[in-house]
Amino acid sequence: MTTEALALIVFVPLLVAAGMVVLPRSWLGLLIRIGLLPLPFLLLIPTMEVVDNGAYRVVLAGHDSPLGIVWLLDPLSLLMLWLNVGITLLVSLHASFSFPPSDQPARRFWPLWLILFASMNALVLSADLFNIYVTLELVTLAAIGLIAVEGKPAALRAAMRYLLLALMASLLYLLGVGLIYGQTGVLDLYLIAEHLEPAWLTITALALMIVGLLIKSAIFPLHAWLPAAHGNAPGPVSAILSAMVVKVSVYIIWRLWFWTAGDWDLDSAATLMGILGGLAIVYGSVAALVQQRLKMIIAYSTVAQLGYLMLLFPLASTLAFQAASYHLVSHGMAKAAMFLAAANILRSVGSDRLSRLAGIDQRLPLDVFALALAGVSIMGLPPSGGFLAKWLFLEAAREQEAWGWLVLVAASGLLAAAYLFRVLAVMCLHPRRRLRSDRRRRAPNLASVAAILLAVGAIVAGFASAPVLDLVAAGLPPGLAP
Amino acid sequence: MDNAALYVLAAAVLFGVGVYGLIVSAHLMRKLFAINIMGNAIFILMVAVAGPIDGAPDPVPQALVLTGIVIAVSATAFALALMVRLYQETGRATLADDNGPGNDD
Amino acid sequence: MMDLLLFWTPLLLVVVSALTGIVIFIAGERKARLRIILNLLAAVLKVLMVVLIGLLVLAGHTPEFRISLVPGLDLVLRADALSLLFATLSAVLWLVTTVYAIAYLERSPNRARFFGFFSLCVAATMGISLAGNLLTFFIFYELLTLTTWPLVVHTGTATAIRSGRTYLRYTLSGGVLFLIGLIWLYGITGPQDFIAGGTLAEHDLDHRLSLQIIFVLLAVGMGVKAAIYPLHRWLPEAMVAPAPVSALLHAVAVVKAGAFGLVRLVEDVYGPELVAGLGMDLPLLLAAAFTILYGSVQALRQVDLKKRLAFSTVSQVSYIVLGIAVGGPLATIGGIVHLVHQGLMKIILFFCAGIFGNLLGIKYIHQLDGVGRRMPWASACFTVGALGMIGLPPVAGFVSKWYLGAGAVAVGREWVVAVLVTSTVLNASYFLPVLKRIWLNPPPDQWPDEVQVSRIEIQALVGSAMVAALLALGVGLLAGHPLSPLSWATAIVTEYFP
């Protein structure tokens, strides 16, 4: 039952995407619904499985690894599945307005959208290194296709640059996989550990894989492709890129680090990862502070926020794991909300330059409201999911008397406040001239509702953390079990 | 020098050529060639380091490399399509004229 | 039934205002009538709910709402005597300010945004007053920062945006120190509810230095909002906001939240004995005493009426801090009761400054010549407030000063009396000349910028000021009544010094 449900979660969107290409255009609206709406219900079955039994291993088509496809459903992958399904569905609500099925670009957008969705589901479930490579490639190619889907020159250039770096990243990862297989003859993420000694060659292999993944998750200083790509993509695409696509690569690093190499002594490497995270936070925030375009500010904010996910490596405790996972969830919702709100503003004003946005809160109150609510979470101010994540990080740092990380996490909220309040201040400023009314193409209200729902989700996450935190606590890596 | 070492050396040289090409050339076509050369280096390495099991070659790396080649081909095709589109839109097949992110308005 | 009532009422008190705010946002700019009705309805409802909770507390119950944020970490809203004192003050003054603000902003733009955040701001203040532990307090404290910022920048001018930036810079930095102190404290003690007399004494031996540093962090975090020198700079700058906002920032919400937090910190987290034992009472006392004198001297130097009032606030709020830092029951009563008295008196002064500014265009003190003849009622209210600030009986301010002075003598800190006397002289020297101008100087031929407004608008504006003035007189005259703030404060302090 669970096997079938998991297979459907991956293959329904994939098949529907194929159907979209083949079947007549009038079917598109229906196909979108078929590809997306059943997913939350399908996901209930694996959820029951995890609640009852903890973890579940799927061997697809009867071939075990290394040649077959093996999935592992555990609490952490379940969390990622829910996050992906939830955010994709809400963002799709927005996308059904920015890419209405009757329009021409919809035929390019929706198949890629569903492929991206399906391949992220497959990626978080994958339990062997090579499958991860394949699904990661699928995720990247679909994401890049989506960035370029409108064919604007800036987006095309951003997509091209992303593609070159991503291909190189994949090769680094693949090289690592090759070396590890040469050492162990095993590809299963959770079995390699038994066959692997921390010799220099295996450490090199692991390092290559991690560097590749760091490029894909745009961790400072390998972030160069991200701002242009996220800042120029269509609204819903930016939302899912920042909320999910970069996160799944971080998720794979967590898997490699804590599961595959769980009992190795990686302290100095962990500190290095933490320092990268800290630099990402500072650099991303400062860069966001000097941008002139709203979407670029939000994109650099992603660079900064990804840094928090890296703090898990030096802190490495149950609390830190909960903190990082919770940050993943709340940042996902908040950032998606911000990009959607920014897309609505861009659509209505015709530009997202800050200088054009004075007094916009009178015209687009819902979108500004969504932006502000999501901003509260990004700044880590209470009450919001971002605050709880920050609180857990602080507790984790205090527990280990890691005062440096503690101060960094506590103070870095100020940086986020600096760039976000800069945006909000501009919006509250009185416009010098009246906003021209001929360009008033108000985004449909449901598009704003999608942004509001996500932003409210990020705030509500500040009150109802128990299900997520319990789930994470149940799925800790072997070395961290409480 | 045994065969495996020869392959590893060849892979290293090819990889170096690829990296050099990727950094030095401005034209996207050349960059794509370079990336493909890097990919081939890695494929050679993967086949080379996975030694034979019980005399017969280990089939797994062969299968992996085969999949890798398929992915590389499709990614290259996609990249080429993107390049052509970029050329149509901007009249150039390079990233060089990009004067900073977000210059469109 | 009773259990349900006790569980939900504290939350409802917060949620009523928050919901009002959200509905106002959604209703939008054009629905003026709906907005006015909602505002007034919510404000009245709030007063009634506070009365209800007060009755519950008087009957010996403890209304408490509690949910878990993170396992082991609770959000607690609880009504005890101290929280009720602050909640009552906020609810009553809010009602008055709402009436005033509706009239004041009659013709200005962006009213939906203003009143939306205005209501959210009440919700945050209510949360602060009912917070049952330091974490809950922190959550609403930060929420207050967020919801007051749009009010500070409301006019949308470049100056307003700049003041807003200063405001955020101070308050958010204070919040960071607060957060670090909080996480550190919880590391030592685990999550603890507010308990009269404090809960930290048992940790004194092992963690003395940590407790001292934590105290400083938390006190600075709260001192920012309480505008203790040198953390006060944001306050005079925030004067660019509309008058109802200034009234609210100064009298009830922001500075009071800081002062109230310091009361909680000293009395309910550390306990007065431990604060003295750690040697933290003297620094706090010195900071408060210096701020009192500094604020008064600065006020003397201002020529802008609202700026003078702002520095007067800087000085007056530190009376509260002074009271709890002196220690001993009498001074503590003086500090806590001043929480109420300062609020009442300061709100009169800002209401009147707003009336003078809005109707006559008066901004500077020298323009006040002869206002008494033009606007006798408003001027009378202003006089009540000013005399109260100086400490003249029977206005409320006298009661506070009396208790502060007597308390200082009782614990052997006679020099504090000298500070109080100096401050009184300074208060007199910056308020009496203003009163002289208002009543004795001849009016000018033309007011700076006189505007014609409807009768009902003037009545609402002056009426709110008069209600506040009557309250300020009332709590001074009826200080001996069992329900007066003084009796209330005495009852609270009895728990701290059994």
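Student: What is the area buried between chain A and chain B, and what percentage of it do carbon and sulfur atoms give?

Tutor: The size of an interface is often given as the accessible area lost when the parts come together. Buried area is the accessible area (1.4 Å probe) that two parts lose on being put together, summed over both. Between chain A and chain B the area is about 3500 Å², and carbon and sulfur atoms give 78% of that. Two notes before we go on. This is a predicted model, where local features need pLDDT of at least 70, side-chain atom pairs count only at pLDDT 80 or more, and totals for chains, interfaces and linings use all residues. Residues are numbered from 1 along each chain as its sequence is written, chains are lettered from A and ligands numbered from 1 in the order in which they are written, and side-chain values use heavy atoms, with hydrogens and water left out.

Student: How many residues of chain A are in contact with chain B?

Tutor: Contact means heavy atoms within 4.5 Å. By that rule, 37 residues of chain A meet 39 residues of chain B.

Student: What area is buried between chain A and chain C?

Tutor: About 2900 Å² is buried between chain A and chain C, with 81% from carbon and sulfur atoms. Helix 16 (365-379), helix 17 (385-399), helix 18 (403-428) and helix 20 (466-474) of chain A each supply at least two residues of the side that touches chain C. Helix 18 of chain A brings the largest share, 9 residues. This contact takes 31 residues from chain A and 35 residues from chain C.

Student: How far apart are the closest C-alpha atoms of chain B and chain C?

Tutor: They lie 26 Å apart, and no contact joins chain B and chain C. Of the 2 pairs of chains in contact, chains A and B share the most contacts.

Student: What pattern does chain B follow along the sequence?

Tutor: The pattern of chain B is α-α-α. Chain B has 3 helices and 0 strands. Buried means under 20% relative accessible area, exposed over 50%, partly exposed in between (1.4 Å probe, protein chains only). Of the 105 residues of chain B, 35% count as buried.

Student: What span should helix 4 of chain C have?

Tutor: The expected span is 1.5 Å times one less than the number of residues. Helix 4 (residues 111-130) of chain C has 20 residues, so the span should be 28 Å; its end C-alpha atoms are 28 Å apart, which agrees. In this helix of chain C, 20 of the 20 residues are buried, so helix 4 is largely enclosed by the rest of the structure.

Student: Where do A:Arg255 and A:Asp74 lie?

Tutor: Side chains of opposite charge can pair when their charged atoms come close. A:Arg255 and A:Asp74 meet in a salt bridge (2.7 Å, N to O). A:Arg255 lies in helix 11 of chain A and A:Asp74 in the loop between strand 2 (69-73) and helix 4 (75-98) of chain A, so the pair ties together parts that are 181 residues apart in sequence. Both A:Arg255 and A:Asp74 are buried.

Student: Which residues are linked with C:Glu64 in a network of salt bridges?

Tutor: The network links C:Glu64, C:Arg66, C:Asp74, C:Arg78 and C:Asp193. Within it, the closest N and O atoms of C:Glu64 and C:Arg66 are 3.2 Å apart. C:Glu64 counts as partly exposed, at 24% relative accessibility.

Definitions and conventions
Helices (H or I, at least four residues) and strands (E, at least two) are DSSP runs, numbered from the N terminus. A salt bridge is a side-chain nitrogen of Lys or Arg within 4 Å of a carboxyl oxygen of Asp or Glu.
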